[in-house]
Amino acid sequence: MTRISDLGFQQILLNSFQRAQGSAQLRQIQLSTGKVSDRYSGVGVATGQLLSAEGVIERVSAYEKAAGVAASRLQTQEAALTTIADSVARLRERFVVAMSTGSAELIAPELASEAQRIIAALSTESGGVYVFGGVNGTVPPTTAQSIADIAAAPNTDALFVDAARQRLAVEEGTTVDGGATAREIASGLYRTLQEIANAPQALGAFSGQLTNAQSAFLTQKIADLDQISARLYEELGLNGLAQGQTEDARVRNVQRRDLAEIVASEIEDVDLAEVVARLNQDRIAIEAAAQALKQASELSLLNFL
Amino acid sequence: MSLYVALNTAVSGLFANQRAIAATSENIANVNTPNFSRREAHFETDAIPNQFSGVDVEIVRAAVDRFLQGAAFGGAADEAASRAIADALSRIEASLGGPGENISYANKLDEAFAALTQLSANPSSTAAKADALFALQAAFDAFARTGAAVVAESDAALGRLNVDTARVNALLDEIYRLNQVVQDSAGAADLLDQRLAELSTYLSINVARSEDGRVDVTLRDGATLANSAGFAALGVAAGPQTTITLSSVDPDSGAASLLSSDVNAGIQSGEIRGLLDLRNVELPRLQALVEATARDVADELNAVYAGNVAVGATTPSGQALIVEALGVFSVNSALLADPASFAIARPTGGAAGGANDGSGAIPLANVATTAAARAVAESVAQIGSAARDADLKAETNKALADDLSARAAASAGVNLDEELSNLILYQRAYGANARVIAAIDELWQSLLQII
């Protein structure tokens with residue numbers, strides 16, 4: 001014969017009531033947070049995978065920002081390099097015009113004007129950092145203020161702050177070239193500008209008609225400017241390459257972050273439809289258990305006495 | 001049969017049923033008393049030939065299924081042991097936060113690596129340096145927070161061991177004193193079962209019973225805890241390995257005499273076993289895990305930092321990025337006080353470190369890809385996994401204990417339906433006997449009128 005004690009019976013009902021409550025509580029938390037669990041133990045063996053995915057998201061987001069800074073710096077460099085290349089081109093054009101017209105009147109003012117533009121371009125800043133400063137980007141990369149400083153320098157290379165190129169992290173394990181330094185870009189240019197600025201001392205001032213010696217000198221300088229221009233366009237090409245690498249890295253960073261977010265979501269996010277359905281079942285279980293517990297608790301012999 | 005014999009018979013029936021009704025009332029009153037064994041009325045013939053023929057009743061405690069009761073005690077002990085571990089691990093796990101909260105040391109370390117990555121893009125920014133240093137400090141603070149939670153749980157476990165052993169000692173004293181009266185009192189037998197049930201939640205016990213109801217309580221290895229001759233007392237000896245001591249107690253004077261300085265092996269289950277396992281095994285393991293994980297990461301960071309050069313310097317300073325004090329790791333306070341001095345340059349060819357040289361921050365950020373950093377997530381997973389396993393074990397043991405307890409109660413507990421039918425039976429028998437007495441009274445009256 002199977003006996004049932006009322007205390008044992010009530011205990012069983014109470015346990016089932018508590019189990020239903022516990023299950024409903026879990027579903028409520030899942031519903032309100034959208035997560036499988038509010039504890040790592042609830043995620044189970046996938047915790048390591050989840051944390052790794054969250055780590056990837058965190059780091060990749062940082063690389064996205066770093067790549068953004070790098071892209072901005074490279075774009076600023078591109079604009080400055082273009083400015084310098086344009087100045088070189090205008091100087092060359094002025095020399096060609098002077099030689100074709102035989103008039104040297106505008107060479108000196110043009111030289112001063114373009115030198116000023118070049119110095120300003122070399123001192124371009126992005127986010128408080130001189131983009132041609134290399135690893136010493138916190139100080140102006142050139143100390144020259146005008147063509148006069150360039151002309152008077154015993155050694156034009158001394159007008160540059162010596163610095164190594166900077167490497168920029170754009171992706172985990174990937175860095176791109178942070179661009180040439182002012183010295184790399186303008187060392188030859190400063191020498192040429194100095195030679196042009198100091199040429200009147202030997203060849204006479206650039207005014208009136210060009211002398212034969214002056215024409216020969218300008219012909220030589222046109223060739224020098226062509227070489228400088230080629231070097232600048234080469235640097236612009238490298239800049240474009242670095243920008244392309246940065247953009248590729250940015251795309252890969254976004255892809256990695258998306259992938260990691262999917263992995264994390266699959267581990268920690270709940271299927272809300274399933275949770276709602278289960279919560280409904282749990283509520284029915286709670287009501288049933290509560291009803292049974294109520295009936296069991298109300299058992300009394302007083303009515304029969 | 002004389003009227004006297006008939007009257008005596010009816011009166012004996014009246015009294016017998018009155019006692020049976022009283023026993024039933026006691027059962028009803030104790031329907032919700034744990035470990036109460038119902039009273040049963042056993043009727044038997046009581047007769048003296050030609051003089052008396054009646055009924056006697058013996059009120060006895062229902063037989064408790066000792067096998068089920070022992071199993072229920074064991075189940076309660078297992079549940080208490082696993083619950084003690086599960087609760088502690090759950091609290092330690094709370095120091096990690098939950099998924100999505102991103103406050104675990106793994107999350108904080110990821111944030112630090114992210115800050116170092118951003119520093120590499122803004123190497124001349126003192127704010128970026130401070131951000132990276134404070135992010136690193138936050139990561140090692142998170143390690144320390146979890147480590148402190150483990151230490152706090154260990155201290156709490158010791159406190160609970162002291163409280164538990166004090167309660168166990170009080171129970172053993174009571175069991176000894178109940179042993180002296182149990183043979184004469186069903187109520188004492190109920191109390192004895194209640195004390196044994198409570199004792200079994202603290203430690204696993206073996207209970208041997210004599211015919212008269214006295215019990216001999218021992219640990220699983222046979223060490224005596226309480227019997228009718230005396231009782232023992234437990235103590236706690238804290239040390240690298242926490243041990244439970246056993247002393248015999250003089251029941252009269254209360255003087256204790258040490259029997260064993262280590263009875264851990266005899267305590268195979270119960271809350272005390274759980275707390276011992278926490279103190280001696282589980283918490284030291286987690287403490288070592290967290291500390292080793294933090295140390296490995298700190299070593300990796302320091303190894304990389306050793307190659308970095310400060311602004312204006314030509315060689316590394318040899319300064320440590322992360323320092324350790326008593327197993328707690330933190331960012332070098334000199335760097336926190338002066339973030340600008342955070343060395344992140346990697347000049348080549350003996351050149352001085354440039355203010356905008358972040359090439360040393362990149363390998364620091366790349367520590368995230370080393371085995372030491374990958375082990376961080378794994379260590380959090382291990383803590384979560386340990387908490388989950390303990391929780392599942394506690395739930396399983398609770399279900400088993402509840403089932404065993406319900407089964408044990410089923411054989412000896414009170415069932416109100418049964419008591420109702422018994423009550424009606426005894427009331428009707430009582431009424432029938434009363435009617436017989438009334439009939440005899442009428443006969444007496446008739447006879448007296450005839451006279």
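This is a predicted model: local features need pLDDT of at least 70, side-chain atom pairs count only at pLDDT 80 or more; totals for chains, interfaces and linings use all residues.

Biologist: How confident is the predictor about the complex, in ipTM and pTM?

Modeller: The complex gets an ipTM of 0.83 and a pTM of 0.82. As for the chains, the mean pLDDT is 90 for chain A, where 97% of residues reach 70 or more. For chain B the mean is 91, and 99% of its residues reach 70 or more.

Biologist: Where in chain A is confidence lowest, and where is it highest?

Modeller: Helix 2 of chain A is lowest, with a mean of 86, and helix 5 (residues 147-152) of chain A is highest, at 95.

Biologist: Switching topic. At what angle do helix 6 and helix 7 of chain A pack?

Modeller: Helix 6 (residues 182-203) and helix 7 (residues 212-268) of chain A pack at about 170°, and their axes are 9 Å apart. Angles over 145 degrees count as roughly antiparallel, so helix 6 of chain A is roughly antiparallel to helix 7 of chain A.

Biologist: Which residues make that contact?

Modeller: From helix 6 of chain A they include A:Ile185, A:Leu189 and A:Ile196, and from helix 7 of chain A they include A:Phe217, A:Leu225 and A:Arg231. By class, the contact between helix 6 and helix 7 of chain A has ten nonpolar, three polar and five charged residues.

Biologist: Back to strand 3 of chain A. How many bridges join it to strand 4?

Modeller: Four bridges, and strand 3 and strand 4 (residues 174-177) of chain A run antiparallel. A:Leu168 sits opposite A:Val176 in strand 4 of chain A. Their hairpin has two residues between the strands, and A:Gly173 takes a positive phi near 85° there.

Biologist: What about strand 9 and strand 10 of chain B, how do they pair?

Modeller: Strand 9 (residues 322-325) and strand 10 (residues 328-331) of chain B pair in the antiparallel sense over four bridges. B:Glu324 has B:Phe329 in strand 10 of chain B as its bridge partner. In that hairpin, with two residues between the strands, B:Leu326 takes a positive phi near 55°.

Biologist: Last thing. What domains is chain B divided into?

Modeller: Domain 1 (3-62 + 413-450), domain 2 (67-85 + 161-279) and domain 3 (96-151 + 283-403). The centres of domain 2 and domain 3 of chain B, taken over C-alpha atoms, are 47 Å apart.

Biologist: And how many residues of those two domains are in contact?

Modeller: Ten residues of domain 2 of chain B are in contact with eight residues of domain 3 of chain B. On the domain 2 side, helix 2 of chain B supplies the largest share, eight residues. That side divides into four nonpolar, two polar and four charged residues.

Note on methods. Residues are numbered from 1 along each chain as its sequence is written. Chains are lettered from A and ligands numbered from 1 in the order in which they are written. Domain bounds come from an automatic or database domain assignment. Two residues are in contact if their C-beta atoms, placed from the backbone, lie within 7 Å. Ala, Val, Leu, Ile, Met, Phe, Trp, Tyr, Cys and Pro count as nonpolar, Asp, Glu, Lys and Arg as charged, and the others, Gly among them, as polar. Axes are lines fitted to C-alpha atoms, for helices over the stretch in contact, and angles run from 0 to 180 degrees between N-to-C directions. Angles under 35 degrees count as roughly parallel, over 145 as roughly antiparallel, 65 to 115 as roughly perpendicular and the rest as oblique. Two strands pair if DSSP finds at least two bridges between them. pLDDT is the predictor's confidence in each residue, from 0 to 100.
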